[in-house]
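The following note sets out some points for a colleague who is examining this model. Please read it alongside the sequence and the coordinates.

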Amino acid sequence: MQVTEYKPKIVAFCCNWCSYAGADLAGNNRLNYPDNIKIIRVPCSCRVNPMFILRAFQRGADGVILCGCHPGDCHYTSGNYYTRRRMALLFSMLSYLGIEKERTRVEWVSAAEGAKFAATMNEFSAQVAALGENKRLEDLRCKP
Amino acid sequence: MRKCSLTALDALFAKMAESAALYLPVDGDDGRAHYAQWQEGLHLSDALNTVRSAKDFFFPQTENLMAFKVNGKTIEIIDTRTEADDFIVFGVRACDVRSFDILDTVFLAEPADSYYANRRAHGVIISLACTRPAETCFCSTFGIDASTPAGDVVCWKTDDALYMEAKTEKGSALMAALADLTEECDTDAVKAQQATTKERMAKLPLADLTADKFGGGKTMEFFSDPAWATLSEACLGCGTCTFVCPTCQCYDIKDFDTGHGVTRLRCWDSCMYSDFTKMAHGNPRLTQVERFRQRFMHKLVYYPENNGGVFGCVGCGRCLTRCPISMNIVKVMKNLGGDAK
Amino acid sequence: MQTVTRDMLVSRAKALLADGTVDRVLGWKAGEFTYDVTPGVFTDADAMEKEFVYGDFCGANFSKYLLTEARKTEKKVLVFLKPCDTYSFNQLLTEHRFDREKVYAIGIPCDGMLDIHKIRTLSAEGVTGIDTDGESVTVHTLYDGDKTVARADALAERCVNCKSKKHVAYDELLGEDGEIIDSARFDEVAAIEKMTPDERFAFWQDALSRCIRCNACRDVCPACTCEKCVFDNPNSGVENKSPANSFEEQMFHIIRAFHVAGRCTDCGECSRVCPQHIPLHLLNRKFIKDIDEFYGEYQAGEKVGSRAPLVDFMTGDLEPSEAVKRGETNA
């Protein structure tokens, strides 16, 4: 009997200037990270508004990770500082509503940190897989 | 007429719940009454009425009309209708029972709304006469007798017993099933209660409210009344009045993209909303004054005009207690037509 | 009972109308019963004499009405502001939502407003009249005679947890100004934080599932002043009138609260108007509490022109992962 391993669906919002290039570097260096990570490129981590995160969950994501430049290194000077405050409040609110805090994460990954990108994704994927399917922030209509 | 001792009420509910889902008003944690499906341990609320009306059972806030599934170049159309199971709604007050007549006129007129008709066919309404109408009640304005509601079965609750009388075939069938738990009785207690309630009704603060000046054919008389502007000036444009109203029946149809198909939903709409009846050029009612006017003109003039003089309001008083700014149909009726109180 | 009386407000408003300072007055109009007062606009002294009321049920926050009223006036519009309203007033000014020159604000002290739903629960249904004095509330009922409840028990939630009796904006003050109060308004938030995630989820599912999407919380909110709300915009992809799925209630209420985070003055209008009695203020207060703890105490509307926490940053701000941990254990 074949047992299919549960693979969580993960959406990763990656800043064009750092983390997206970091993902590229991970690929060039032949570093493995799970194929269930779906990357969405954004011009800056600050482009991601709370609705993006919620919509990702609605559409079936089991975990959402947001990657941007290290604080101080933003291509647009200060975008990621705003992101940091926004996500701190949003994640705290999600936890307040009883949604598992392990499903969301913000990580700063630079263009030179291919290894960190791969390691982060492996770790996050395992963390979400341990939680199982997202049930608390799901839209049943969007289930297949 | 038959009666059942209040001590045997739980057994009566249990018997009803055997054959169909039974819903009745129960007290919520917030101290207000809401409909809930009966189960062992739930008790009938003593509150006069529920926050949301009983229309939800026949015309739910959201329902799934159909679904489409995209498969390559074909689209599969899925009928999401399921034959509803029988259900019983217990404790519906006279005003809410009348609201079903108003909804019927809209939804059962040809072409009948099969979703609504299906629920009506499967639902049994057990009404409950009022004994302590509130200061916000004005059902008598629309000719409703709170002491003698309509319904499939009518009930009167006294201090010691529940008196029941079947009014329709559905009601008789239900009463026959309850024969073991009820006993034949005279109508003295009920008559006494009716008399008391009528006395109380006559003394209510809104007992003198009349809708005589409204009705079909009065559109031109009220449409341009300057009072609309002042009455609506504080209106927030929220949908509270329309959503707690037992007779508001407007809905919108929305397609929801599920990513792998489409779910078509019908959901309540509110004429107070800026996107109500939105067309290519936008909303024909540009400001809140027109939207506000639409709601009350519909209840007091347009609906009677199209339906033989029957008003689209039942005087349940929900909008009086729920409106965030305390604007409501009573104030509108009193202030229109230049004879402000 | 309020320390300022109806007559004080009416005579002051009439004087300002007469000397041409103002041509519109925002006030309260009498209803059928004691408690159902409606906000309204008065343009002449006669109408004020006839319809103007003031009392324990005049809780509506008039700040938001200034957005439209300040545009209609040729001179100035007169508005009466309770202490909590003045915070919303300042916040709207900070966001340049109305012309300060078009408004004449009179600060009025507030002794807390009453909640008719609480009164009904405490006394009886069928409330025909209500008399109040400093300590107690006498309720005249249809069937249960007169009932007396303690005034403190009949206060609206937001008044029980009043954060300030001090006016932060006015042109003129009637009566005495008060002080900022060290309220216990975050206690309930802290209690929820202490629950387990499962309990928190159950609590909010129960509360949010009652939502009927009437949008009253949004429409009354003085911080919600978008010309077109994203939830009303069919092109946004999130517009929906129907609470078809529990996700939609979560989404609506998280986004509603988030959008006013850092701008919400905690005036409590959202919870006051909710027909389904959802404790919406607990969402807003969670954001306020987090902001206070993460980025330093901040009271929206305290000063005109202050920079809201979400449009500001420090290089050493807390990481989101740390924030979540703190939010859970800090209680």
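1. What is the mean pLDDT of chain A, and what percentage of its residues reach 70 or more? The model is a predicted one. For chain A the mean pLDDT is 93, with 97% of residues at 70 or more.

2. Within chain A, the axes of helix H1 (residues 19-28) and helix H4 (residues 114-131) cross at roughly 90° and come within 7 Å. H1(A) is therefore roughly perpendicular to H4(A). On the H1(A) side, A:Ser19, A:Gly22, A:Ala23, A:Leu25 and A:Ala26 meet A:Gly114, A:Phe117 and A:Ala118 of H4(A). The residues of this contact comprise five nonpolar, three polar and no charged.

3. Between chain C and chain A, the contact draws 33 residues from chain C and 33 residues from chain A. On the side of chain C, at least two residues are supplied by each of helices H8 (187-194), H9 (197-208), H11 (246-259), H13 (281-295) and H14 (320-329) of chain C. The residues of that side divide into 20 nonpolar, five polar and eight charged.

4. The contact between chain B and chain C takes 35 residues from chain B and 33 residues from chain C. Elements giving two or more residues to the chain B side include strand E11 (251-257) and strand E12 (261-268) of chain B. The largest share of that side, three residues, comes from H8(B). By residue class, the side of chain B that touches chain C has 16 nonpolar, eight polar and 11 charged residues.

Definitions and conventions
Residues numbered from 1 in each chain as written. Chains lettered and ligands numbered in written order. Predicted model: local features only at pLDDT ≥ 70, side-chain atom pairs only at ≥ 80, totals over all residues. Axes fitted to C-alpha atoms, helices over the stretch in contact; angles between N-to-C directions. Helix = DSSP H or I, 4+ residues; strand = E, 2+ residues; numbered from the N terminus. Parallel < 35°, antiparallel > 145°, perpendicular 65-115°, else oblique. Contact = placed C-beta atoms within 7 Å. Nonpolar A, V, L, I, M, F, W, Y, C, P; charged D, E, K, R; others polar. pLDDT = per-residue confidence, 0-100.
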